[in-house]
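My notebook is open at a new page.

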Amino acid sequence: MTHIAHWIGGAERAGTSGRVGPVFNPATGEQTAEVDLASTAEVAEAVAVAKAAAKGWRSASLSKRSAVLFKFRELLAERTGELAAIITAEHGKVLADAAGEVARGLENVEFATGIPHLMKGSFSEQAATGVDVYSIRQPLGVVAGITPFNFPAMVPLWMCATAIAAGNAFVLKPSEKDPSAALWLARLWAEAGLPEGVFNVVNGDKEAVDALLVHPDVAAVSFVGSTPIAKYIYETGTSHGKRVQALGGAKNHMIVLPDAELDAAADAAISAGYGAAGERCMAISVVVAVGDIADPLVEAIAARLPKLKIGNGADAGTDMGPLISAQHRDKVAGYIAAGEKEGATIVADGRATDSLPKDGFFLGTTLLDNVTPSMTVYTDEIFGPVLSVVRVETYAEAVELVNNNEYGNGTAIFTRDGGAARQFQFDVNAGMVGVNVPIPVPVAYYSFGGWKASLFGDSHMYGPDGIQFFTRGKVVTSRWPDPGTSAIDLGFPQTR
Ligand code: NAD
């Protein structure tokens, strides 16, 4: 069985806590590795190493930092397949989807290669007579990232590419369920020429997270995960004086207006609802069918389900893999049972698993119709291959539904009416909106983040917000007087 250690100071470091966690291949159900779970002392050591490295790294020129990012980008692009296979083996998503995850992470690296431009400040000549004022942005020092299981490469890249480019040292605490991608990225950073200690990985669970949250030398914490933990991270981190951005869970609605192109909407609902077995924070989990499109839409979605091939994500031709763990699979199955009990119509039942591989953590695709807002399948984030259809009569009811929901990550509208789409973008309370696009994950030069219970803090992730988050501003007011013109003046500085 493989042993997964930490990465501290540019090399693998075996854990000393004596605690380990299991890592499974979800497609076979087999335990393939054990991962070290860091103690508070081990986290402190990683932070100390990062602190020492941050000093030198922030002094490296912008072009030197950018060159490392370019090299890292080239290596990552060349070896996408290698990383995708690692992701599939521990997460279970199909290979093409894993490669897609890496490609979206790569975009963040590409954005960060432009750091010389992104770190530019502004300059005001002659703000007062003989006085110039300018602003600069500087790195924070040691920053930490705490990431979820569902994007073991992309989410760390959302954070570390901008953080490192901006001149910080980074300590990553990846999900203990699929930690190998983080170690692989660490090796790649080293190969790209990043100085030792600038990128570190501490594997672990709550103990490691708590150690980062209270450590006085960690200046900022970037978190992605479930809403209860995001709230905890935000409250604990900020109460210890840290800058925190904490992205939480989601319940993403796809509104389908009566004039929508039916096949395109049904295809989108399938892709966004069941891709990665629904384990995406931007997955569509609720289809809101408006008016008389409901019957044909449910029929069109149901007709597509039997064509999906469910199996080991490493096998060619597989559309959907297993869930992350046996416990999670059972939890999702429990939601289907609750939906049935609460009166939803089961159009397709993923619990009928006779045709699925026996040993992995598999669940089939579920489609629930006539779901109402009081049912638990509607209120809770299920994070599995379960799509609920809520039927409403009007656009106004559809928007009210989305806006009353606890979460506000992403949402989408399907329509041929540009005016309706524009009104939706104006009305809806969510951070990311798609118009005939079911998963509107922003490109890397915008920023990613939800509203309401999907985000704690006010900074979105990556892109321009990422640069702001991982740097702080300084304003310099300077005067270079002519020799001989100096005089004492006790008055408050004036600009005229
Ligand atoms: P999770 O909240 O269980 O874990 C996330 C991280 O927090 C992990 O590193 C984990 O070790 C740590 N953690 C877990 N419990 C903790 C505790 N009690 N104290 C301190 N740290 C703890 O999330 P997950 O199951 O790994 O990921 C799925 C969740 O992440 C879903 O809710 C999904 O919507 C969300 N997610 C959100 C986004 C987004 O951008 N908003 C993106 C991806 C995933």
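**Entry 1: helix pairs**

I began with helix H3 (residues 80-91) and helix H4 (residues 95-113), whose axes come within 8 Å and cross at roughly 120°. That angle makes H3 oblique to H4. I noted the classes: under 35 degrees is roughly parallel, over 145 roughly antiparallel, 65 to 115 roughly perpendicular, and the rest oblique. The axes are lines fitted to C-alpha atoms over the stretch in contact, and angles run from 0 to 180 degrees between N-to-C directions. Helices (H or I, at least four residues) and strands (E, at least two) are DSSP runs, numbered from the N terminus.

H3 and H4 cross in the right-handed sense. A crossing is right-handed if the near helix is turned clockwise from the far one by less than a right angle, and left-handed if anticlockwise.

Next I took helix H14 (residues 395-404) and helix H15 (residues 418-427). Their axes come within 11 Å, with a crossing of roughly 30°. So H14 is roughly parallel to H15. H14 also passes H15 in a right-handed crossing.

**Entry 2: what I am working from**

This is a predicted model, where local features need pLDDT of at least 70, side-chain atom pairs count only at pLDDT 80 or more, and totals for chains, interfaces and linings use all residues. Residues are numbered from 1 along each chain as its sequence is written, and side-chain values use heavy atoms, with hydrogens and water left out.

**Entry 3: the largest pocket**

A pocket is an open set of points on a 1 Å grid over the protein atoms alone, with protein on both sides within 12 Å along at least five of seven lines; a cavity is a set where a 1.4 Å probe fits but cannot get out. Lining residues have an atom within 4 Å of a point. Points are joined across faces, edges and corners, and a volume is the space filled by probe spheres set on them.

The largest pocket holds about 1,100 Å³ of space. I found 42 residues in its lining, with Pro148, Phe149, Ser175, Lys177 and Ser226 closest to the centre. Which element gives the largest share of this lining? H9 does, with 5 residues.

I sorted the lining of the largest pocket by class: 21 nonpolar, 12 polar and 9 charged. Here Ala, Val, Leu, Ile, Met, Phe, Trp, Tyr, Cys and Pro count as nonpolar, Asp, Glu, Lys and Arg as charged, and the others, Gly among them, as polar.

**Entry 4: other spaces**

The second largest pocket has a volume of about 450 Å³. Its lining has 20 residues; Ala128, Val131, Arg479, Pro493 and Gln494 lie nearest the centre.

Then I checked the cavities. There are 4 of 30 Å³ or more. The largest cavity has a volume of about 110 Å³. It is lined by 15 residues, and Gly278, Ala283, Ser285, Glu381 and Phe383 lie nearest its centre.
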